[in-house]
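Please look over the model below.

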Amino acid sequence: MKTEKEKMIDGEYYLAGDPVLVKDRRKSKNLLHRLNVTEYRVTKKAREILKELIPNAGANLYIEPPFFCDYGYNISCGENVYFNVNCVVLDCAKVTIGSNVLFAPGVQLYTASHPLDAELRKTHENALPITIGNDCWIGGNSVICPGVTIGNGCVIGAGSVVTKDIPDNSLAVGNPAKVIRKLNE
């Protein structure tokens, strides 16, 4: 039988109050407190905190505090990934970020979701993975919803709400985000 953590990562309904998940979130929050309050500036100690918080990151992960996430260990980054201030990554499912990706201030990535059925929603949650390809720029205050894949070379306009997959080399804007043109053609 699967653990609640395995169910969570696999996109199945799970119990968020499971003691293992609560302990994992507490560890993440303690690291985030150190990053966002104690260190705040990007220092050697801040980089050590990031390595512990997000162990699956490539070289040159740069995060401007404050930054927020649920677990950290579900975030995987390529090289040269930059998060500007006030970014949120609800990483109940896998968040895969390619190389050379820029996140403007206030970007939010939500893998977390909830059942539509009110009774089930009282006790269970679920999550769907998010994937962002290489060489992307995600504009300020954009929201990336559960289960979305953004292809390589994309630009997401500021304030967009991405509810569906975005193909490679696309400029997408709006709520909901729509591709308005192809890039690099």
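The report starts with the basis of the model and then turns to the chain itself.

## Basis

This is a predicted model, in which local features need pLDDT of at least 70 and side-chain atom pairs need pLDDT 80 or more, while totals for chains, interfaces and linings use all residues. Numbering starts from 1 along each chain as its sequence is written, and side-chain values use heavy atoms, without hydrogens and water.

## Fold and dimensions

The protein chain has four helices and 19 strands. These are DSSP runs: H or I of at least four residues for helices, E of at least two for strands, numbered from the N terminus.

The C-alpha trace spans about 50 × 45 × 25 Å along its principal axes. The radius of gyration is 16 Å, which agrees with the value near 16 Å for a compact globule of 185 residues. That radius is taken over C-alpha atoms, and the rule is 2.2 Å times the number of residues to the power 0.38.

## Burial

Of the 185 residues, 45% are buried. Buried means under 20% relative accessible area, exposed over 50%, and partly exposed in between, with a 1.4 Å probe and protein chains only.

## Cysteines

The structure holds zero disulfides. A disulfide here is a pair of cysteine sulfur atoms within 2.5 Å. For Cys69, the closest cysteine sulfur is in Cys92, 10 Å away and too far for a bond. Cys77 is in no disulfide either; its nearest cysteine sulfur, that of Cys69, is 10 Å away.

Cys69 counts as buried because its relative accessibility is 2%. Cys77 counts as buried at 7%.
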